Amino acid sequence: MSEHSLTRLPCVVRAQPLSSELRRQEIIDATVPLLEEEGFTVSTKRIAEAAGIAEGTIFRVFPTKEDLIHAAISSVMDVHDLVGDIENIDPATPLPDKIAQIFMIVEQSASRIHTFMAAMAGRSHRKPAHGFSGKFTPPKQGDPRQRFSAQTGAIKATIEHTLTHNTAELTVNPDTAATHVLTVALASVMTDMVIDPMDPTTTVALVVRALTGKEPE
């Protein structure tokens, strides 16, 4: 083979395999919408097809199907993105606009969780897939109340930090203000599911008045 022909050989670049964490997230991302569509009876074959991987790859990452389902549900319930969105609010944002943004972020996250859980509940009556009982028993990983408390605490702490910039406007300390804002935000989400929702502008105005003693501009 001549030197010239050697220079014409194609260069083959091998794709780098995904890290274990990226592969894990890829499988979870494929599982979540399938759980909404099919509930706990979704097969690992369907999940593998959605993720574009071999079915055996799932079990190299997750010991059992129940472990995968638990991880997918935990991913939906996680508040990391919610906390990050609140952290990204510009500190210089006027207080009424800041509270409105917090309400919107909390509502979007809560609505996503509600939609997911409602979809799961609506599909629980389906006939179980072959090889799966249809009953899901997640692995024990601590008291769910403790996790909820920790997540709520993280959200409240982030709101408090965000409101620190507005301390001079508040008639209460940022800790109390954050508790009030989060309480109203969560209450609004819950009541909007059963009664006609209040105009968001009115809700924000009421909260601003409660926290500052003044009418919002």
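**Reading the helices**

Modeller: In helix α10, the buried residues are T203, V204, A205, V207, V208, L211 and T212. Please bear in mind that this is a predicted model.

Colleague: How many residues does α10 have, and how far does α10 reach from its first C-alpha to its last?

Modeller: Helix α10, residues 200-212, has 13 residues and reaches 18 Å, close to the 18 Å expected at 1.5 Å a residue. Just after α10, G213 adopts a positive phi of about 75 degrees.

Colleague: Which residues of α3 are buried, and why do they line one face of the helix?

Modeller: The general idea comes first. An α-helix has 3.6 residues a turn, so residues three or four places apart point the same way. In helix α3, residues 44-51, the buried residues are T44, I47, A48 and A51. Viewed down the axis of α3, these buried residues fall within an arc of 100 degrees, so they line one face. The face turned away from the buried side carries the exposed residues K45 and E49.

Colleague: Against which elements do the buried residues of α3 pack?

Modeller: They pack against α2 (20-38), α4 (55-61) and α5 (65-77). Just after α3, G52 takes a positive phi of about 70 degrees.

Colleague: Where is S188 found, and what is its relative accessible area?

Modeller: S188 lies in helix α9, residues 174-192. Buried means under 20% relative accessible area; S188, at 22%, is therefore partly exposed. The C-alpha atoms of S188 and V106 are separated by 9.8 Å, although the two residues are 82 residues apart along the chain.

How values were computed: Residues are numbered from 1 along each chain as its sequence is written. This is a predicted model: local features need pLDDT of at least 70, side-chain atom pairs count only at pLDDT 80 or more; totals for chains, interfaces and linings use all residues. Side-chain values use heavy atoms; hydrogens and water are left out. Buried means under 20% relative accessible area, exposed over 50%, partly exposed in between (1.4 Å probe, protein chains only). Helices (H or I, at least four residues) and strands (E, at least two) are DSSP runs, numbered from the N terminus. The arc is that of the directions from the helix axis to the C-beta atoms. Contact means heavy atoms within 4.5 Å. The expected span of a helix is 1.5 Å times one less than its number of residues.
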